[in-house]
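Subject: Structure handover

Hello,

Here is the structure for you to look at. My notes on it follow below.

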Amino acid sequence: MIALDHVTYAYPDAAVTVLTDLSLHVPRGTLCGVVGASGAGKSTLAKVLSGFVPHAEGGELAGSVQVGGIDVPQTPLAEAIEKVGLVTQNPFNQISGAKFTVREEIAFGLENLGIERAEMIMRIEAVGELLRISHLMDRSPYALSGGQMQLVAIASMLVMRPAVLVMDEPTSQLDPGGTRMVFDVVSELTRDGTTVVLLEHKLEQLRDHADQVVVLAGGRVALQGEPREVLSDERLTQWGTGSTRYTQAARSARDRGLDVPGPTPVSFDDALLTFGRGA
Ligand SMILES: Nc1ncnc2c1ncn2[C@@H]1O[C@H](COP(=O)(O)OP(=O)(O)OP(=O)(O)O)[C@@H](O)[C@H]1O
């Protein structure tokens, strides 16, 4: 469903490449988490996957980018958007600026897709309930809190039902309850066949929800695999991603000679099982 092969990219007039000979394959219906230090190129990868690079930002892109059945660099952005939805890091940038209410804002993409009115109404109501924003529908998109705006930005993408969703830190402005809800919604979408790439710093959430995790470092995929294995890898510190408090606690216990059985825990649930108090 996603096949990037030997992708190299530099922004216009930049002396160095941000992505260098990067290859990444993600099967359909997978929730793929991407982690990496600040500046590792996560947002750039999101823009490559969705076509904003190079279509909107220019620059030099080499290699092959196949996403949701299309060759992204060869497909006009307006068409690519139908297949690959991008939730940007800053929801304020995603608001169209052309609509007076949240309902109209969420309808904006559907209008461009030519979806008929009854279907549009049905989809908007459904996404409003799913993300618990039905009560905001008549508000101005600019009279929302950062977290509410983030949910509206996510709703605007989900409502178009793209085959692939790329989400760049979609829960950065949400409280823990909102974060859990978004991760649960996204997991549910993958069960229905949507492929999701989630660029994220919240390692515990990725451990609990992702099917696979990718570490970006030096413009390449440094590591890719099962979430617990990847997120407890000792090299994460050297790659600038850090580790969760549960991983740190287990390591420090081992350093003091204590017996911490099994694989290193990453999340609270892992820690419960590791210390024998699970289920
Ligand atoms: N429009 C641009 N023009 C030139 N350089 C850019 C542009 N956008 C990003 N960069 C550079 O590309 C590199 C990767 O940036 P990117 O935003 O992709 O990293 P990131 O991993 O998403 O970081 P963060 O976690 O801080 O969001 C950085 O060195 C950044 O300065």
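In helix H8, the buried residues include Val182, Phe183 and Val186. They sit on the same side of H8, because the arc they cover around the axis is only 95°. An α-helix has 3.6 residues a turn, so residues three or four places apart point the same way. On the face of H8 turned away from the buried side are the exposed residues Gly177, Glu188 and Arg191. The buried residues of H8 are covered by, among others, strand E3 (31-36), helix H7 (146-158), strand E8 (195-199) and helix H9 (203-209).

H8 itself runs over residues 176-191, which is 16 residues. From first C-alpha to last it reaches 23 Å, close to the 22 Å expected at 1.5 Å a residue. Gly193, with a positive phi near 105°, follows H8.

Please keep in mind that this is a predicted model.

Overall

The protein has 13 helices and 10 strands. Its radius of gyration is 20 Å, close to the 19 Å that the globule rule gives for 279 residues, so the protein is as compact as a globular protein of that length. Along the principal axes, the C-alpha atoms fill a box of roughly 65 × 45 × 30 Å. Of the 279 residues, 43% count as buried. Among contacts with a separation of 6 or more, 63% are between residues 24 or more positions apart.

Ligand surroundings

Which residues are around the ligand? They are Tyr11, Ala14, Val18, Gly36, Ser38, Gly39, Ala40, Gly41, Lys42, Ser43, Thr44 and Glu57. By type, this shell divides into 4 nonpolar, 6 polar and 2 charged residues. Helix H1 (residues 42-50) supplies 3 residues, the largest share of the shell.

H1 is largely enclosed by the rest of the structure, because 8 of its 9 residues are buried. The buried residues of H1 are Lys42, Thr44, Leu45, Ala46, Lys47, Val48, Leu49 and Ser50. After H1 comes Gly51, with a positive phi near 95°.

Backbone points to check

Where is the cis peptide bond? It joins Val53 and Pro54, with omega at about 5°. Pro54 belongs to helix H2 (residues 52-55).

For Arg161 the value is about 50°, and for Glu169 it is about 45°. Arg161 is in the loop between H7 and strand E7 (164-168), while Glu169 is in the loop between E7 and H8. Arg161 has 17 C-beta neighbours inside 10 Å, so this residue counts as partly exposed. Glu169 also counts as partly exposed, because it has 19 such neighbours inside 10 Å; the cut-off for buried is 20 or more.

Ala10 lies in strand E1 (residues 2-10). Is Ala10 buried or partly exposed? With 18 C-beta neighbours inside 10 Å, Ala10 counts as partly exposed. Leaving aside neighbours within four places in sequence, its contacts are Val16, Thr17, Val18, Gly59 and Glu60. Ala10 and Gly59 are 49 residues apart in sequence, yet their C-alpha atoms are 5.7 Å apart in space.

Val65 lies in strand E4 (residues 60-67). Val65 is buried, because 26 other C-beta atoms lie within 10 Å. Not counting residues up to four places away in sequence, Val65 touches Leu4, Val7, Val48, Val72 and Pro73. Tyr9 is 56 residues from Val65 along the chain, and the C-alpha atoms of the two are separated by 12 Å.

Regards

Key:
Residues numbered from 1 in each chain as written. Predicted model: local features only at pLDDT ≥ 70, side-chain atom pairs only at ≥ 80, totals over all residues. Helix = DSSP H or I, 4+ residues; strand = E, 2+ residues; numbered from the N terminus. Expected span 1.5 Å × (residues − 1). Buried ≥ 20, exposed ≤ 12 C-beta atoms within 10 Å, placed from the backbone. Arc of directions from axis to C-beta. Contact = placed C-beta atoms within 7 Å. Near = placed C-beta within 6 Å. Nonpolar A, V, L, I, M, F, W, Y, C, P; charged D, E, K, R; others polar. Rg over C-alpha atoms; globule rule 2.2 N^0.38 Å.
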